[in-house]
Amino acid sequence: MTLFLFLFIFGVLGISFASWNVPVPSLVRTPGTYFMVHTQEKVIALTFDDGPDPNYTEMVLDALKEKDVKATFFVLGENVEHNPELLLEIYKAGHEIGNHGYSHSYSSSQAVRELVKTDQIIFNSLHQHTYFYRPPGGFVSKGVLQGVKAKGYLFTLWSIDSKDWRNPGVNRIVENVVGSSFPGAIILLHDGGEKREQTAEALKVIVDRLRKDGYRFVTLTELQRFEGKNSQIPTYKSEVSQDKGTGF
């Protein structure tokens, strides 16, 4: 309760946590991060964290294949080491690969080191470097932001939390996503970390419902191209360097 009151007060006062060198939940929209684009085009990006998981990643891949949707997977280096064939399967299916660190550590002091380690592990398998980085838990600190930027990565969060990490039931996951969706949004889902049968089942319904509403699904790289397109909102400019090229 104290944490939520603290966050509320800071939000009302308009104080940015980016100026504090402490980790904070990403529900605070931090300048210099990528969590959405401003557009009136009905495009939206699905992202999955914490894989590859030998029990659940294939369930998610099967659902995406059935619905002909491409997504972005933020993988953990430790899981890639244990399941290199699943990383290759994700990549060959045409999905985008993002970096989620090595061990899902919440330590700010380890973040950049784990990012670099995981990038090398992915490169060893795919001969492609990663570009998008999402910190475990979405925690942000000024030091990590600067370190990620210095390495040429785009610090990536989300604008819609499915809360599938709670395993609240398929219908709740669907409503958390569909009820909050808007053009240019980035959706947080998971293919690892815990039991993910609910996520795989909800995914099909989410795709059907959003398509019925006129949405198209894109990867994070594709979503960037819509920034400011037909938008009446002032364009959000990320400060993060983009000198690493594509998003794999």
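Reply: Among contacts with a separation of 6 or more, 78% join residues 24 or more positions apart. This is a predicted model. The protein has nine helices and eight strands. Of its 248 residues, 50% are buried.

Now the patch. Helix α2 spans 57–67, and helix α4 spans 84–92. Each of these helices supplies at least two residues of the patch.

Take Glu-89 as an example. Glu-89 sits in helix α4. Is Glu-89 buried, partly exposed or exposed? Its relative accessibility is 32%, so Glu-89 counts as partly exposed. The cut-offs explain the label: buried means under 20%, exposed means over 50%, and partly exposed lies in between. Patch residues need over 30% relative accessible area, and Glu-89 is at 32%.

For a contrast, turn to helix α7, residues 170–178. Its buried residues are Val-170, Ile-173, Val-174, Asn-176, Val-177 and Val-178. What covers them? The cover includes strands β6 (160–161) and β7 (185–190). Helix α8 (197–212) is also part of that cover.

So much for the two places. The negative patch draws on α2 and α4, while α7 has buried residues covered by elements including β6, β7 and α8.

Conventions: Residues are numbered from 1 along each chain as its sequence is written. This is a predicted model: local features need pLDDT of at least 70, side-chain atom pairs count only at pLDDT 80 or more; totals for chains, interfaces and linings use all residues. Side-chain values use heavy atoms; hydrogens and water are left out. Helices (H or I, at least four residues) and strands (E, at least two) are DSSP runs, numbered from the N terminus. Buried means under 20% relative accessible area, exposed over 50%, partly exposed in between (1.4 Å probe, protein chains only). Contact means heavy atoms within 4.5 Å.
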